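Here is a short tour of one structure, written for someone who likes to look while reading. Please keep the viewer open beside the text.

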Amino acid sequence: MSTINNNGNSKITKSDKNKLKNKQKINTNKGLSIKNIEIKKRKIFKPILSNPYINDPIFKNFKFIDKSIQDDLIGLLFANGSILHRVGIINLTKEENKSKKSVIDSKETRSEQEKNEEEEDLSYVNYGFNKCNKLLEDQIKLIKQNKINKNDKKFLKYLFICKQDLKFNENNSNLMIKHLPTLCYLSNVKLIQLPKESNLKISKILNTKNSIEFLLLSNGGIDNVLKSFIESTIVDDDDKDSDDTTTNYLTDWNYKKVDVKFLLTSQPIIKKDKNANNKNK
């Protein structure tokens, strides 16, 4: 209750102050209702940027390969004595050694030269999406630094992809492979599609538990017959003598319209709390 002082002015008591605070709290709680929160939003257009270089002629898309050529390629890849066949035997031997209860390691009966040959064969064959991407990125860095020879046995040469066997969903869209033509172009690696169900065949010959959709071979794992077949049937003639590491969009600037799309969405309107700022000060 308010009182009147000697000057004739009303004086606010402590109880009046408490009532006023409670009233302010009630009004504040009303503003936090779901209905009021939904109202305090504004519609905005969010720009979505796509890759402006995806359709550039210097970056090639997945090259179409005739079915008969793909079948012949599979035959060469899976032939007895091929690098995949040898690595498959190594993987199988390792699995058998793990399952054996005997302490004796079968590798002890082999010579040091045979062990080195096994490790060398394993280094020429790489598979798996993440591993292949990492190796391609590393090769791009080495090329830019002039620290790698294209004729070196460890130089990555061909990336085989089982595109038709990839299963896409909400968390795993086709965007995950859209960059591969560009990545292979910059790393001087040829991107080759394999026919449907090749992932299971690769897994079988390599004796792995999981299917393999990405297979990366180095120069050391490619015999002359396979290399000759690929270069005569799959690799373009104009690519043989060209420098695949040239990035025209970096050396010869040619601006083009960026493909931007707009997505209609909403954004909450948040008011700044002045009292909180004053307290921080």
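## Ground rules

A residue counts as buried with under 20% relative accessible area, exposed with over 50%, and partly exposed in between (1.4 Å probe, protein chains only). Accessible areas come from the Shrake-Rupley method with a 1.4 Å probe, and for residues only the protein chains shown count as cover.

The model is predicted: local features need pLDDT of at least 70 and side-chain atom pairs count only at pLDDT 80 or more, while totals for chains, interfaces and linings use all residues. Residues are numbered from 1 along each chain as its sequence is written, and side-chain values use heavy atoms, leaving out hydrogens and water.

## A nonpolar patch on the surface

Let's start on the outside. F262 is found in strand β8 (residues 260–268), and F262 counts as exposed because its relative accessibility is 57%. Helices (H or I, at least four residues) and strands (E, at least two) are DSSP runs, numbered from the N terminus.

Together, F45, V260, F262 and L264 make a nonpolar surface patch of about 440 Å². Strand β8 gives the most to this patch, with three residues. Patches are made of residues with over 30% relative accessible area and no salt bridge, joining like charges within 9 Å and nonpolar side chains (Val, Leu, Ile, Met, Phe, Trp, Tyr) within 5 Å. A salt bridge here is a side-chain nitrogen of Lys or Arg within 4 Å of a carboxyl oxygen of Asp or Glu.

Two strands pair if DSSP finds at least two bridges between them. The open sheet has four strands in the order β4-β7-β5-β6, with mixed pairing. Its edge strands are β4 (125–127) and β6, each pairing on one side only. On average, neighbouring strands are turned by 20° against each other, direction ignored. Axes are lines fitted to C-alpha atoms, for helices over the stretch in contact, and angles run from 0 to 180 degrees between N-to-C directions.

Strand β5 (residues 156–161) runs parallel to β6, joined by four bridges, and F160 stands opposite I192 in β6. With strand β7 (residues 214–218), β5 runs antiparallel through five bridges, and Y158 stands opposite L217.

## Strand β6 and its cover

Which residues of β6 point the same way as K190? I192 does, while L191 and Q193 point the other way, and all are buried. Helix α9 (residues 224–233) lies across β5 and β6, at about 70° to β5; contact means heavy atoms within 4.5 Å.
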